[in-house]
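Let's take a friendly walk through a protein model. Have the sequence and the 3D view ready, and look up each residue as it comes along.

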Amino acid sequence: MGIRAVDISKLLASAAVAILAIGAEPLCAQAYPNRVIKLIVPFSAGGQPDTIARLFAQHLSANVGATVIDNRPGANATLGSKAVAAAEPDGYTLLFGSSTSLALAPALNPAAGYDPIKSFTPVAMISSAPFIVAIGPSVPAKSISEFVAYAKANPAKLNFAAPMGGPPHLAGEWFKRVTGLNIVPISYRSMNQAVTDLISGQMDIIFDAPAILMQLVREGKLSALVVMDKKRAVSLPDVPTMVEAGLPDLQLTVWNGLVAPAGTPEPIIRQLNAAINDALLSPDIAAALANFGSEPLRGTPREFANFIASEAGKWAETVRVSGIRLE
């Protein structure tokens, strides 16, 4: 009886362990995702970043799991970015990151509440667009060399328009530095108003991505002088690069991509990366990006991590030479 009792107790103990293991297995091996994924966009609804983010949220919903957009604008895109940095690294909170939120804003404000490199795990690049240097009809120049000569002959008499502290403003400050020109920044609340005043002749030059400028250049209302990239823009193929125009190799682009909180498991990152890269092959998404003058950027999480590090350093240097700080 003693031996039988011991055997039975061992059997019961083994059965209990097996039952517990069976019960615990689904908790450890649940497929991702098993609830809604939240994609935080640190910009207002309706703008270019929001529009592109919604396209990718639809693709993720169809190919990974239900994904919803959560717009959290404010503080130069740092409010939404900070929220993602503080979220659980479980793949259910993602950030639609950009050159503003992951490079420029932290450089302008070291107290933003997150580090663009340490606070996130890069998921996938999405798209990029170069800055375009354009002038209005009041400026007597047909090329960048003619503009530089005219500006040097008229120091502090030419203006460029931009919201203070935004990418177009910093691009203008960097352009001033590499060309040695004395052109004066004029603060605007929006780039749309700045472009309107450029067309009317109240402003002289502007620095912005193709989304706003390309159609006006095609219509002849503005003249594009150079592209701030190593290659010509697909949206404006006749516009030379800085190097082709005989100026320093200045590369400034606006870009975006998906990141997750630091520590998000690698299998989840790989799954999301594959889905985003697949979406970038879609003709509909390619056409939508082209409407904004953007080009798709497919790549690995590691490539995106290296890209963010490079861009963060570049924009930090741009902020440093401009002397601008937004606290």
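## Thr78 and its neighbours

Leaving aside residues up to four places away in sequence, Thr78 touches Ala105, Ala112 and Tyr114, where a contact means heavy atoms within 4.5 Å. You will find Thr78 in helix H3, residues 78-85. Helices here are DSSP runs of H or I with at least four residues, strands are runs of E with at least two, and both are numbered from the N terminus. Is Thr78 buried or exposed? Thr78 is buried, with a relative accessible area of 7%. Buried means under 20% relative accessible area, exposed means over 50%, and partly exposed is in between, using a 1.4 Å probe and protein chains only.

Keep in mind that this is a predicted model, in which local features need pLDDT of at least 70 and side-chain atom pairs count only at pLDDT 80 or more, while totals for chains, interfaces and linings use all residues. Residues are numbered from 1 along each chain as its sequence is written, and side-chain values use heavy atoms, with hydrogens and water left out.

## The whole protein

Now zoom out. The protein has eleven helices and eleven strands. Of its 327 residues, 50% count as buried. Take the contacts between residues at least 6 apart in sequence: 76% of them join residues at least 24 apart.

Most residues other than glycine have a negative phi, and most peptide bonds are trans.

Two residues to look at are Asn76 and Ala77. Asn76 is in the loop between strand E2 (67-71) and H3, and its phi is positive, near 55°. Ala77 also has a positive phi, near 75°, and its place is in the loop between E2 and H3. How much of each can be reached from outside? Asn76 is partly exposed, with a relative accessible area of 31%, whereas Ala77 counts as buried at 3%.

For a cis peptide bond, go to the step from Tyr32 to Pro33, where omega is near -5°. Pro33 lies in the loop between helix H1 (2-28) and strand E1 (37-41).

## Helix H10 and its two sides

Which residues of helix H10 are buried? In this helix, residues 283-291, they are Ile285, Ala288 and Leu289. Looking down the axis of H10, the buried residues fall within an arc of 100°, so they line one face of the helix. The arc is taken from the directions that run from the helix axis to the C-beta atoms. On the face turned away from the buried side, H10 carries the exposed residues Pro283 and Asn291.

The cover over the buried residues of H10 includes helix H2 (48-63), strand E4 (120-130), helix H9 (266-279) and strand E11 (295-296). After H10 comes Gly293, with a positive phi near 75°.

## Two pairs of helices

The axes of H2 and H9 come within 10 Å and cross at roughly 120°. Axes are lines fitted to C-alpha atoms, for helices over the stretch in contact, and angles run from 0 to 180 degrees between N-to-C directions. H2 is therefore oblique to H9: under 35 degrees counts as roughly parallel, over 145 as roughly antiparallel, 65 to 115 as roughly perpendicular, and the rest as oblique. On the H2 side the contact is made by Phe56, His59 and Leu60, and on the H9 side by Leu272, Ala275, Ile276, Asp278 and Ala279. By class, these are six nonpolar, one polar and one charged residues. Ala, Val, Leu, Ile, Met, Phe, Trp, Tyr, Cys and Pro count as nonpolar, Asp, Glu, Lys and Arg as charged, and the others, Gly among them, as polar.

Now try H7 (residues 191-200) and H8 (residues 210-218), which pack at about 25° with their axes 11 Å apart. H7 and H8 are therefore roughly parallel to each other. Met191, Asn192, Val195 and Ile199 of H7 meet Ile212, Leu213 and Leu216 of H8. That contact has six nonpolar residues, one polar and no charged.

## A buried loop residue

Finish at Leu250, in the loop between strand E9 (223-227) and strand E10 (253-261). At 4% relative accessibility, Leu250 counts as buried. Among the residues Leu250 touches are Trp174, Phe175 and Met242. Leu250 and Phe175 are 75 residues apart along the chain, with their C-alpha atoms separated by 8.1 Å.
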